Amino acid sequence: MSKWIFIMGIVYPLGPATAQVSIAPTAVFLDQQGIGTVYIGNTGTQAQEVRIQFVFGYPGQDTAGEIQMIYGDSLRERSHGLGPSIKAYPSAFTLPAQSQQMVRILLKNRTFVRDGLYFSRLKITSQAQTPVEDRPDSGAVGTQVSFKFEQFLPVFFMQGKVRPQVKVEPKTLESDYRYGALRFDYTCEGDIPYLGKLRYRLTHPSPGERPQSSLPWKEMEIALYFQGNRRCLLPWPETLGSGKHCLELEFHCGRNDMPVLNQGQNPDYQGKVHFELP
């Protein structure tokens, strides 16, 4: 009688164990025919069993303003989700070592009630294939550990011509060693996700509020859905001295990996937050 214990672990690719499956691009925008492409590569030495599914989810935030993935929101899934007609071809396959598989994404039903940016999330699960010679025989006693990796990327379809816009209201800014902890309220107009960049720089204002000197602009990617209160950690110099300072903010729609959303050079929001360090 065989005694063989299988231990299954689900791993998100952020810890010491690293997924051997690479995915490109980092976000999928379907064309007007509802078609998109994802490339899945196996960078390791073992064949991988890959499965693709779709789940509705989006980044929100917890009560502290930290990013938290939201799943199970059936109300917004009905109003903003891509629906059950989105499929991946192939949806399950074996990926040999050092190989790549092209996966087609197809949204069959594109009849949405109103213009907007509709979305879902692509869930890619991978697990090393167990070679036949490594499988337990009838008298084997031992333990085998198997890791299952789950990776996600967003999928979007734009119906009509939409212009994502956001209303921003800074609330607090706290200095935390090498970071500024900025909290702000936001509302996405028309409930259209705002996918873009937050640009910021520090200035040292004179009594007349004109900057005497400024640090270079920095930027970070940002994804805002619906409305909420977000906390962002903005790296700034360790040598930032005491006294009065000013943080200039700009929100721009579009990112390098999402050129379809690029809307020109003008920011959708500009603001300043004045603060003083002891």
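Predicted model: local features only at pLDDT ≥ 70, side-chain atom pairs only at ≥ 80, totals over all residues.

Reader: Is Thr 111 buried or exposed?

Author: Thr 111 lies in the loop between strand 10 (99–107) and strand 11 (116–128). Its relative accessible area is 69%. Exposed means over 50%, so Thr 111 counts as exposed.

Reader: With which side chain does the side chain of His 252 make a polar contact?

Author: His 252 belongs to strand 19 (residues 243–253). This residue is buried, at 9% relative accessibility. Leaving aside neighbours within four places in sequence, His 252 is in contact with several residues, including Tyr 194, Arg 199 and Asp 268. The polar contact of its side chain, at 2.8 Å, is with the side chain of Glu 250.

Reader: Which residue forms a salt bridge with Glu 219?

Author: Side chains of opposite charge can pair when their charged atoms come close. In the salt bridge of Glu 219, the closest N and O atoms are 3.8 Å apart. The pair links strand 17 (residues 218–224), which holds Glu 219, to strand 15 (residues 194–205), and the partners are 20 residues apart. The partner in strand 15 is Arg 199.

Reader: What is the relative accessibility of Arg 255?

Author: The side chain of Arg 255 meets that of Glu 221 in a salt bridge (3.7 Å, N to O). Arg 255 sits in the loop between strand 19 and strand 20 (269–277), whereas Glu 221 is in strand 17. Buried means under 20%, and Arg 255 therefore counts as buried, its relative accessibility being 10%.

Note on methods. Residues numbered from 1 in each chain as written. Heavy atoms only, no water. Helix = DSSP H or I, 4+ residues; strand = E, 2+ residues; numbered from the N terminus. Buried < 20%, exposed > 50% of the residue type's maximum accessible area, 1.4 Å probe, protein only. Polar contact = N/O pair within 3.5 Å; in protein donor to acceptor, adjacent residues only side chain to side chain. Contact = heavy atoms within 4.5 Å. Salt bridge = Lys/Arg side-chain N within 4 Å of Asp/Glu carboxyl O.
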